[in-house]
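Dear colleague,

I am handing over the structure below, and I would be grateful if you could look through it alongside the notes that follow.

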Amino acid sequence: MGEQEFGAGPTLILFINTLIDGNADVAGLLKAASMVLVSTVGGASGPLYGTFFLRASAACAGKASLGADDLAALCEAGLAGVLQRAGR
């Protein structure tokens, strides 16, 4: 992994929490990201990233903010979706 990949997680958390402060819906944001990724990223990556974010959106439905436990659950749900899509 390059240097840029390590900054993506904290940037995403900051972005989501900033939108939450502006009354944005976390689950809706993640679902929208999923749809954009599926429709714009080519090859196998788009569906894999899209699945991750779609499952993550379901894991945080109804949350007004994200804490460490919520982030862990979001990541676990996303990973489970990717593994299911991969047939594992």
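**D70 and its surroundings**

Leaving aside residues up to four places away in sequence, D70 touches K63 and S65, where a contact means heavy atoms within 4.5 Å. Please bear in mind that this is a predicted model, in which local features need pLDDT of at least 70 and side-chain atom pairs count only at pLDDT 80 or more, while totals for chains, interfaces and linings use all residues. Residues are numbered from 1 along each chain as its sequence is written, and side-chain values use heavy atoms, with hydrogens and water left out.

D70 is found in helix α4, helices (H or I, at least four residues) and strands (E, at least two) being DSSP runs numbered from the N terminus. With a relative accessible area of 19%, D70 is buried; here buried means under 20% relative accessible area, exposed over 50%, and partly exposed in between, with a 1.4 Å probe and protein chains only. A polar atom of the D70 side chain lies 3.0 Å from the backbone nitrogen of G67, a polar contact being a pair of N or O atoms within 3.5 Å, of which, within protein, one must be able to donate a hydrogen and the other to accept it, and for which residues adjacent in sequence count only if both atoms are side-chain atoms.

**Helix α4 as a whole**

The buried residues of α4 are D70, L74, A77, G78, G81 and V82. They lie on the same side of α4, because they cover an arc of only 135° around the axis, the arc being that of the directions from the helix axis to the C-beta atoms. These buried residues pack against α2 (26-40) and α3 (45-59), whereas the face turned away from the buried side carries the exposed residues A68, D69 and E76. After α4 comes G87, which has a positive phi, near 85°.

**Helix α3 and G50**

Helix α3 has 15 residues and reaches 21 Å from its first C-alpha to its last, close to the 21 Å expected at 1.5 Å a residue. Its buried residues are G46, G50, T51, F53, A56 and S57. Of these, G50 has 2% relative accessibility, and, not counting residues up to four places away in sequence, G50 touches S34, L37 and V38. G50 and V36 are 14 residues apart in sequence, with their C-alpha atoms 7.7 Å apart in space.

**The protein overall**

The protein has four helices and zero strands, and its elements run α-α-α-α from the N terminus on. Buried residues make up 24% of its 88 residues, and among the contacts with a separation of 6 or more, 48% are accounted for by residues 24 or more positions apart. The accessible surface comes to about 5,700 Å², of which 62% belongs to carbon and sulfur atoms.

As for cysteines, C60 is buried at a relative accessible area of 1%, while C75 counts as partly exposed at 36%. A search of the whole structure for disulfides, meaning pairs of cysteine sulfur atoms within 2.5 Å, finds zero.

Conventions. Areas by Shrake-Rupley, 256 points an atom, 1.4 Å probe, with all protein chains shown as cover. Expected span 1.5 Å × (residues − 1).
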